[in-house]
Amino acid sequence: MLRVLAVDDEKPLLEELLYLLRSDPRVRSAEGASDATGALRRITRALEGGPEGPDGIDVVFLDIQMAGLTGLDIARLLSGFARPPLIVFVTAHEGFAVQAFDLKAVDYVLKPVRPERLAEAVRRARALLGRPDGARAEPEAAVPARRTPVPPAGADAGAAERVPEQIAVELGGVTRFVAIADIAYVEAQGDYARLHTDGGSHLVRIPLSTLEERWAARGFVRIHRRHLVALGRIDELRMDAGTTSVRVGSAELQVSRRHARDLRDLLMRQATG
């Protein structure tokens, strides 16, 4: 069972978070801190006593935007210790996700906090603490639904029928369903991937390598360690002075050398039918 510390400088939100945490049977104890100073004082006591000591803390549920030090500042300080508690960020702001996962956060929960979403964060933390190799459980976010784009040449046509046609994305406690056919390209951002559509972008906690495998039958190809592109959405292939890039709508994306030849061949096969 987990020993947790919740940190938020808005008292009603802190009380709600503590209520939800204490209601989870996997949580042994849940303490609160209403500012960064109090949080650091409590975490320091835990670190001094060691992870098995009576004051130990397994997980810190940490707001980001607070007066004085931010949650990111606290996480950076903790990263200097040999065995710091795990960090779960709980915030109203989507835009800090990349920094959060660069700091090895276990999860990134958006406010208003939904009980089932917080329960998933608790599950992730518990699984990580109980796994000797430190591997993180892979999140699942895709759900079935509608349209089917044409796969690239050589793809298993039957596999396309088995691939979900939508992906679930969360923003501010609201779950939306984005059609895979509407996604032009995907950008890696730490443990997250940002899905780019004509209408905007969405962040999902799925590694780019996982989406590459899942969506190959839907016509997505890897062009760079940071980018996965829908083959049918490429408008131009540019080759200049040994560098290769593609234009996808208004975005120009670099193609790595190891992917350039395969991409060119795929585009030529697609163009010649």
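Leucine 69 is partly exposed in this predicted model, because its relative accessible area of 35% falls between the 20% and 50% cut-offs. Elsewhere, a cluster of rings ties together Phe101, Tyr108 and Tyr192. One stretch needs caution: pLDDT stays under 50 over residues 131-162.

**Leucine 69 and its surroundings**

- You'll find leucine 69 in the loop that runs between β3 (59-62) and α3 (71-78).
- What does leucine 69 contact once its neighbours within four places in sequence are left aside? The partners are Ala36, Leu40 and Leu77.
- Threonine 37 sits 32 residues away from leucine 69 in sequence, yet their C-alpha atoms are 8.0 Å apart in space.

**Lysine 111**

- Lysine 111 also has a loop position, between β5 (107-110) and α5 (115-129).
- Is lysine 111 buried or exposed? It counts as buried, because its relative accessibility is 13% and the cut-off for buried is under 20%.
- The side chain of lysine 111 makes a polar contact of 3.4 Å with the side chain of aspartate 63.

**The aromatic rings**

- Searching the whole structure turns up 4 aromatic pairs.
- One of them is phenylalanine 101 with tyrosine 192, a tilted pair with 5.0 Å from centre to centre and 40° between the planes.
- That pair bridges distant parts of the chain: phenylalanine 101 belongs to helix α4 (residues 97-102) and tyrosine 192 to strand β10 (residues 192-197), 91 residues apart.
- Both phenylalanine 101 and tyrosine 192 are buried.
- Tyrosine 192 also pairs with tyrosine 108, this time edge-to-face, at 6.4 Å centre to centre and with 80° between the planes.
- This second pair links distant parts of the chain too, joining strand β5 (tyrosine 108) to strand β10 (tyrosine 192) across 84 residues.
- Why does tyrosine 108 count as buried? Its relative accessible area is 3%, and anything under 20% qualifies as buried.
- Tyrosine 192 counts as buried as well, because its relative accessibility is 7%.
- Put together, ring pairs make a cluster of Phe101, Tyr108 and Tyr192.

- The protein chain has an average pLDDT of 82, and 85% of the residues score at least 70.
- Over residues 131-162, where pLDDT stays under 50, the model still has 64 contacts beyond four places in sequence.

Note on methods
Residues numbered from 1 in each chain as written. Heavy atoms only, no water. Helix = DSSP H or I, 4+ residues; strand = E, 2+ residues; numbered from the N terminus. Buried < 20%, exposed > 50% of the residue type's maximum accessible area, 1.4 Å probe, protein only. Contact = heavy atoms within 4.5 Å. Polar contact = N/O pair within 3.5 Å; in protein donor to acceptor, adjacent residues only side chain to side chain. pLDDT = per-residue confidence, 0-100. Phe/Tyr/Trp six-rings, centres within 6.5 Å; stacked < 30°, edge-to-face > 60°.
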